[in-house]
Amino acid sequence: MEGKVAIVTGASRGIGREIALHLARLGAKVAVNYAGSEAKANEVVAQIVEHGGEAFAVQADVANSEAVERMVKEVLERWGRVDILVNNAGITRDNLLMRMKEEEWDAVINTNLKGVFLCTKAVTRPMMKQRYGRIVNVASIVGVSGNPGQANYVAAKAGVIGLTKTAAKELASRNITVNAVAPGFITTDMTDQLSEDVRQAMLQQIPLARFGNPEDIAHVVAFLVSDGASYMTGQTIHVDGGMVM
């Protein structure tokens, strides 16, 4: 991926962090997007630079159209192009449907679905102009299966899968592919907070009998943005240990 320019949203921690680091190891220049975790984003940049890569941190709330446009403009001014967009930024506001507040619904839909729309729209023009682009949306296996207590999150991730298919059809003629990755239970700071009983119950649903790692997602994303996946578009790849087949 030497010379390729990538934007990874929500890249200060977890899955986004590992995707940014992995793409940089493969030679891409990486814009490390964050919403509020400036220190953690700068740590990711420092790690990339320490290993000979190019990166910079860029703050933007992906649910804010002006912030997204500014982020993409900043990348174009610095590196002249955008080849790869990984829409990873996401939040949770879990609650049972009957107890879910409207603010909890709106916050998750705005970041997890509207944010994917805004970022994809913002890179479409430069990608079309260069007749090349690779977009990967990080969805979730619960967007396929559903999950109690996460009506907002599930609706957003199911929407991301639908948006992926439509964008793929609209952009294919310009050599822009759009695919999604649907992670299952991945070990992150969020899963680390779960009780042992909950963790064991989750593991019983996974045929491979283990949680995934952020690296598992990063490797699939790297494949989808590589030339090896140039004939794949509109697809959602499950990376879930066999949980949903």
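Author: The crossing of helix 1 and helix 8 is right-handed. This comes from a predicted model. Helix 1 covers residues 14-25, and helix 8 covers residues 214-224. They pack at an angle of about 50°, and their axes lie 8 Å apart.

Which residues make the contact? Helix 1 brings Gly14, Ile15, Glu18, Ile19, His22 and Leu23. Helix 8 answers with Pro214, Glu215, Ile217, Ala218, His219, Val221 and Ala222. By type, the residues of this contact are 8 nonpolar, 3 polar and 2 charged.

Now helix 1 by itself. Its 12 residues reach 17 Å from the first C-alpha to the last. That is close to the 16 Å expected at 1.5 Å a residue.

Is helix 1 mostly covered or mostly open? It is mostly covered, with 9 of its 12 residues buried. Ile15, Glu18, Ile19, His22 and Leu23 are among the buried residues, and they also take part in the contact with helix 8.

What follows helix 1? Gly27 does, and its phi is positive, near 110°.

Definitions and conventions
Residues numbered from 1 in each chain as written. Predicted model: local features only at pLDDT ≥ 70, side-chain atom pairs only at ≥ 80, totals over all residues. Heavy atoms only, no water. Axes fitted to C-alpha atoms, helices over the stretch in contact; angles between N-to-C directions. Helix = DSSP H or I, 4+ residues; strand = E, 2+ residues; numbered from the N terminus. Left-handed = near helix turned anticlockwise from the far one by under 90°. Contact = heavy atoms within 4.5 Å. Nonpolar A, V, L, I, M, F, W, Y, C, P; charged D, E, K, R; others polar. Expected span 1.5 Å × (residues − 1). Buried < 20%, exposed > 50% of the residue type's maximum accessible area, 1.4 Å probe, protein only.
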